[in-house]
Amino acid sequence: MDSRLIHQLWSIVDATPKTRLSNLDDSGVLHWLVDLLQDDPAFDARQLPVVSSYIRSRMPLIRELAQQF
C-alpha cells in the first residue's frame with residue numbers, strides 16, 4: 001500500500017464521527033471505510049484486497065481511536 005493511500009485511509013478514520021465507528025461491528029467498519037475510499041475516483045480497485053487486509057490488521061487501533069473521543 002502506498003503512503004498516499006495510507007494517509008487517505010487514516011484521514012477518513014479521523015474525520016468519521018467516532019460514534020459511527022463505535023456503532024458498527026468490524027465488518028461494518030471495514031465496509032464503511034472501503035466504500036469511502038472507493039468514492040475517490042483516483043482509488044485503484046486492484047488495491048482492494050491489500051486495503052481490506054490493512055484495515056483488518058489495524059482494527060484494534062481503529063477501535064481504540066473511536067473510543068478515545
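Angles under 35 degrees count as roughly parallel, over 145 as roughly antiparallel, 65 to 115 as roughly perpendicular and the rest as oblique. Keep that handy for the exercises.

A word on the model: it is predicted, so local features need pLDDT of at least 70 and side-chain atom pairs count only at pLDDT 80 or more, while totals for chains, interfaces and linings use all residues. Residues are numbered from 1 along each chain as its sequence is written, and side-chain values use heavy atoms, with hydrogens and water left out.

**Exercise 1. Work out how H4 and H5 are oriented to each other, and which residues make the contact.**

Step 1: Helices (H or I, at least four residues) are DSSP runs, numbered from the N terminus. H4 covers residues 48-57, and H5 covers 59-68.

Step 2: take the angle. H4 and H5 pack at about 60°, with axes 4 Å apart. Axes here are lines fitted to C-alpha atoms, for helices over the stretch in contact, and angles run from 0 to 180 degrees between N-to-C directions.

Step 3: apply the cut-offs. H4 and H5 are therefore oblique to each other.

Step 4: list the contact (heavy atoms within 4.5 Å). H4 brings Ile55, Arg56 and Ser57, and H5 brings Met59, Pro60 and Ile62.

Step 5: sort them by class. Ala, Val, Leu, Ile, Met, Phe, Trp, Tyr, Cys and Pro count as nonpolar, Asp, Glu, Lys and Arg as charged, and the others, Gly among them, as polar. That gives four nonpolar, one polar and one charged for H4 with H5.

**Exercise 2. Describe how H3 packs on H4.**

Step 1: H3 runs over residues 26-38, and packs on H4 at an angle of about 140° with the axes 10 Å apart. H3 and H4 are therefore oblique as well.

Step 2: check the hand. A crossing is left-handed if the near helix is turned anticlockwise from the far one by less than a right angle, and right-handed if clockwise. H3 passes H4 in a right-handed crossing.

Step 3: find the residues. From H3 you have Leu30, Leu33, Val34, Leu37 and Gln38, meeting Leu48, Val51, Ser52, Ile55 and Arg56 of H4. They split into seven nonpolar, two polar and one charged.

**Exercise 3. Now do H1 against H4.**

Step 1: H1 (residues 3-15) packs on H4 at about 50°, axes 12 Å apart, and that makes H1 oblique to H4.

Step 2: the crossing of H1 and H4 is right-handed.

Step 3: Leu5, Ile6, Leu9 and Trp10 in H1 meet Val51, Tyr54 and Ile55 in H4. By class, this contact has seven nonpolar, no polar and no charged residues.

**Exercise 4. Which residues touch the most other members of the largest nonpolar core?**

Step 1: define it. A nonpolar core is a set of buried Ala, Val, Leu, Ile, Met, Phe, Trp, Tyr and Cys residues joined through side-chain atoms within 4.5 Å. Buried means under 20% relative accessible area, exposed over 50%, partly exposed in between (1.4 Å probe, protein chains only).

Step 2: the core has 17 residues, and Leu9, Leu33, Leu37, Ile55 and Ile62 touch the most other members. H1, H3, H4 and H5 each give two or more residues to this core, with H3 giving the largest share, five residues.

Step 3: zoom in on Ile55. Leaving aside neighbours within four places in sequence, Ile55 is in contact with Leu9, Leu30, Leu33, Val34 and Ile62.
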